[in-house]
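Student: I'm new to this structure and would like to learn how to read it. Could we go through a few features together?

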Amino acid sequence: MKDKIIELKNVGVFYSPFKRLFNRTKKQALKDISFSLFRGETLGVLGRNGAGKSTLLKLLAGVIEPDTGQILKANDLTVSLLALQAGFDNELSGRDNIYLSGLLLGFDEKTVKEEFNSIIEFAEIEDIELPLKAYSTGMRARLGFSIAYKLQPDVLLIDEVLGVGDAHFKEKSINAMKSKLRSEQTVVLVSHHGPTIQNLCKRAVWIENGVVHMEGNAQQVVKAYEDYIKG
């Protein structure tokens, strides 16, 4: 039995649909989410748009905290949300942003330094000394992807789209992520596309209306999900 590294117990998240000074209206993005993640597995999270999948990834990444329930994580666990661009600062150079993002993702300076050249090479950034505000949207996306991909976190979170950047880099990133998904690294892959989950994951969690509708063998979960969608 593989080690359990993350466990969600009856997790719920509220949000305000309106940005008003005195608005107190709250809605629930997630209502009652419970499941476990085990070391070395690729877990698929399946659900329609608006089901709460992206909110769940933010919880797992530590970007937001649950309003109800609890999330238990193994000690010193590093978790990275792919292409999050965590901590990017427009005024700092690409070089400085690599170190800043790496540190915010939980890695020490030595680890970031060891992977620095491979991050630049994979991202295909020619002038890493330019301030980030001079980067195009595509360059920023490539750098964010490369940092998350190359730093080898304990848990890699992938939200919906595997490819970023131009056509060349999309193909490159998709191939890289397929390799990562079939490796021994722990990965959580979110998608509303059943065949993607079925092809790349052994186990899946189906979220519907903010709750876990089904959990288990990916093939069985995908079939149930697709039958449900077809009505």
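Student: Which residue takes a positive phi just after α7?

Tutor: Good place to begin, with one reminder: this is a predicted model. The residue is G231, whose phi is about 80°.

Student: And how many residues does α7 itself have?

Tutor: To read a helix, look at its residue range and its end-to-end reach. Helix α7 runs over residues 218-230, which makes 13 residues. From the first C-alpha to the last it reaches 18 Å, close to the 18 Å expected at 1.5 Å a residue.

Student: Which side-chain oxygen reaches a backbone nitrogen at the start of α7?

Tutor: For a helix start, check whether a side chain reaches a backbone atom. In this case a side-chain oxygen of N217 comes to within 3.0 Å of the backbone nitrogen of Q219.

Student: Let's turn to the aromatic rings. How many aromatic pairs does the structure hold?

Tutor: It holds eight. To read a pair, take the distance between the ring centres and then the angle between the planes. F122 and F145 have centres 6.0 Å apart and planes at 10°, a stacked pair. F122 belongs to helix α3 and F145 to helix α4, so their pairing ties together parts that are 23 residues apart in sequence. Both F122 and F145 are buried.

Student: How are the rings of F122 and F169 arranged, stacked or edge-to-face?

Tutor: Their centres are 5.7 Å apart and their planes meet at 75°, so this pair is edge-to-face. F122 in helix α3 and F169 in helix α5 (residues 167-181) are 47 residues apart, and the pair links these distant parts of the chain. F122 and F169 are both buried.

Student: Which residues do ring pairs link into a cluster?

Tutor: The cluster is made of F122, F145, Y149 and F169.

Student: Which charged residue sits over the ring of F169?

Tutor: For this feature, look for a charged end above the face of a ring. The charged end of R142 sits over F169, 5.9 Å from the ring centre. Likewise, K172 lies over the face of F122, at 4.5 Å from the ring centre.

Student: Is R142 buried or exposed?

Tutor: R142 is in helix α4 (residues 137-150), and its relative accessibility of 12% counts as buried. Setting aside neighbours within four places in sequence, R142 is in contact with A123, E124, I125 and F169.

Student: Where is L105 found?

Tutor: Loops can be read the same way, by place and then by burial. L105 is in the loop between α2 (94-104) and α3 (109-123). With a relative accessible area of 12%, L105 is buried. Its C-alpha is 9.0 Å from that of L81, although L105 and L81 are 24 residues apart along the chain.

Definitions and conventions
Residues are numbered from 1 along each chain as its sequence is written. This is a predicted model: local features need pLDDT of at least 70, side-chain atom pairs count only at pLDDT 80 or more; totals for chains, interfaces and linings use all residues. Side-chain values use heavy atoms; hydrogens and water are left out. Helices (H or I, at least four residues) and strands (E, at least two) are DSSP runs, numbered from the N terminus. The expected span of a helix is 1.5 Å times one less than its number of residues. A polar contact is a pair of N or O atoms within 3.5 Å; within protein, one must be able to donate a hydrogen and the other to accept it, and residues adjacent in sequence count only if both atoms are side-chain atoms. Buried means under 20% relative accessible area, exposed over 50%, partly exposed in between (1.4 Å probe, protein chains only). Contact means heavy atoms within 4.5 Å. Rings of Phe, Tyr and Trp (its six-membered ring) pair if their centres lie within 6.5 Å; planes under 30 degrees apart count as stacked, over 60 as edge-to-face and the rest as tilted. A charge sits over a ring if NZ of Lys or CZ of Arg is within 6 Å of the ring centre and within 35 degrees of the ring normal.
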